[in-house]
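Dear colleague,

Please find the structure below, with its sequence. My notes on what was found in it follow directly after.

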Amino acid sequence: MKILLDRKSRKPIYLQIKDRISRLIKSGALQPEERLPSIRCLAEKLQVNKLTILEAYSILEADGIIFARQGSGYFVNQSNIISTNIKSTFAPAQNVIISEGAGNSFFEIHMSAVQAQAKKEIINFSYGVPRPPQDIALIGRRTITNAVDSLFAYDVPQGQLTLRKQVAQMLVQQGLEVTSENLIITNGCEQALSLTMQYFLQKGDWVIVESPTYHGAIAILENIKARIIGIPMNAEGINLELLEKYLISHRPKLIYTISTQHNPTGIATSQNHRQQLLQLAEKYECPILEDNAYEGLNFEPVPPPIKALDKQDLVTYAGTFSKTLIPGLRVGYMVVTGKHFQPFVERKLMHDVHTSTVSQAIVSEYLASGHYRRHRRRLQTENLLSRNIMLQAMENYFPKEAKWTVPNGGLFLWVQLPLNFDISQIRKQAIEQNVLFASGSAFFPNQQGYPAMRLSFSNTSEAEIDLGISILGKLLKKHLLCIPQR
């Protein structure tokens, strides 16, 4: 059991210990009937007085979160585990969207979310950002101090060799056969997507995306003036039967997919689904862009990426540290194998010369310190707790007509609403009550999809989640009453 203490905080140590244990229990990281460390052992581990641990345990026991057994110690109480048995009810109509125009609102959603960060009164469900590592400032200062002479010169466009080796090692552990010679360090995952889409597509080319999908990707495709085919998602991922139909009829030049913790639905596809998708791409000779921006944020094991199955260099793989460390560092990466690697490096050079050497060095130092794996585990635990709190609040406050996904990781869940809901009006009313969410229309080609909301459960407190979801629930129920009944 990992408990990090902030000895400079005004919050007493015993309350920090109590809060951390409570969160671990509610998230499911500590299971019912599981024995907690003894008072003596935990006091020695945390280097505090035994009375401090006893005080924390006593409050937890008084709250009914743990219980004591005579002569055996303290144990987790069953009744305080937040239910994780809520099942996904996501089952949208399987309508294909053909878009040859421009109708994306990526700029509007991005700007409203960024501006909301500065307003303390806003409950921001629209933006998926990680809780920052507590020691990243220390790592940053140490990095710049130790390598000041090497950080302010031009660098190779594919990125610093040390960082590429570290990323390659990390990806090998996820099942990819990759070396530093297959990696390009990018300015976030967004640049990897842009480079790939501009490489494979020209004006008027057909491209397949999931429907819904990441709205930033739609914006890039519309800027290229590619013609978009939105293949609907179901509970398992992209509809493979419809995918093959449009691979035959339209002969697209690229498939864009998010296989793990899909944005916006949160779905992670199965091994079988990934194999079938790759087989279709091979059969119809269509390259795949696999966007795995949320890798490492899963609560349960996930299959290796599609790129791990790729033997024909059809798959370009994109990832990032923006969702696990700090978005402001803008450090992403892409795996490019075969004949495409050198053209990508040349395009990267023409795009921005190279990714910030300072940002690369900070990420590299953080990986070398060994803190990254522990930080990701902490994110997984805290995000699981936040997801469960949000799901429970939706069960309590949302109308039965609303359907949603139950993601096993990532930062988002997706709420599908009845077709007669005016989502723009609901969003406007929510903002008036200081709650911000991302309107689902932005995640469909040409905004042609069904009414929906993307809700981020990261980086908001338990109280904010409950309050924000209760406000949204009231608005949804009010809107439902105003719809004429047939």
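**Findings**

L193 has its place in helix α7; helices here are DSSP runs of H or I with at least four residues, strands are runs of E with at least two, and both are numbered from the N terminus. The model is a predicted one, in which local features need pLDDT of at least 70, side-chain atom pairs count only at pLDDT 80 or more, and totals for chains, interfaces and linings use all residues. Residues are numbered from 1 along each chain as its sequence is written, and side-chain values use heavy atoms, with hydrogens and water left out.

L193 is buried, at a relative accessible area of 1%. Buried means under 20% relative accessible area, exposed over 50%, and partly exposed in between, with a 1.4 Å probe and protein chains only. Once its neighbours within four places in sequence are left aside, L193 is in contact with Y214, A217, I220, Y256, L289, D291 and A318; contact means heavy atoms within 4.5 Å.

In soluble globular proteins, nonpolar side chains tend to be buried together.

Which residues of helix α5 (residues 136-146) are buried? They are I136, I139, G140 and T143. Seen down the axis of α5, these buried residues fall within an arc of 100°, so they line one face of the helix; the arc is that of the directions from the helix axis to the C-beta atoms. R141, T145 and N146, on the other side of α5, are exposed. An α-helix has 3.6 residues a turn, so residues three or four places apart point the same way.

The cover over the buried residues of α5 includes α12 (357-369). The two helices, α5 and α12, pack at an angle of about 115°, with their axes 9 Å apart. That makes α5 roughly perpendicular to α12. Axes are lines fitted to C-alpha atoms, for helices over the stretch in contact, and angles run from 0 to 180 degrees between N-to-C directions; under 35 degrees counts as roughly parallel, over 145 as roughly antiparallel, 65 to 115 as roughly perpendicular and the rest as oblique. The crossing of α5 and α12 is right-handed, a crossing being right-handed if the near helix is turned clockwise from the far one by less than a right angle, and left-handed if anticlockwise. In this packing, I136, I139, G140, R142, T143 and I144 of α5 meet V358, A361, I362, E365, Y366 and S369 of α12.

**Helix α9 and strand β3**

In helix α9 (residues 240-250), the buried residues are L240, L242, L243, Y246 and L247. They cover an arc of only 155° around the axis, which puts them on the same side of α9. Their cover includes β3, β6, β7 (227-234), β8 (237-238), β9 and α10 (271-283).

Strand β3 (residues 97-99) contains S99, which is buried with a relative accessible area of 1%. Not counting residues up to four places away in sequence, S99 touches R227, I228, P445 and N446.

**Backbone geometry to check**

Most residues other than glycine have a negative phi, and most peptide bonds are trans.

- N446 is found in the loop between β16 (438-439) and β17 (452-456) and counts as partly exposed at 28% relative accessibility.

Yours sincerely
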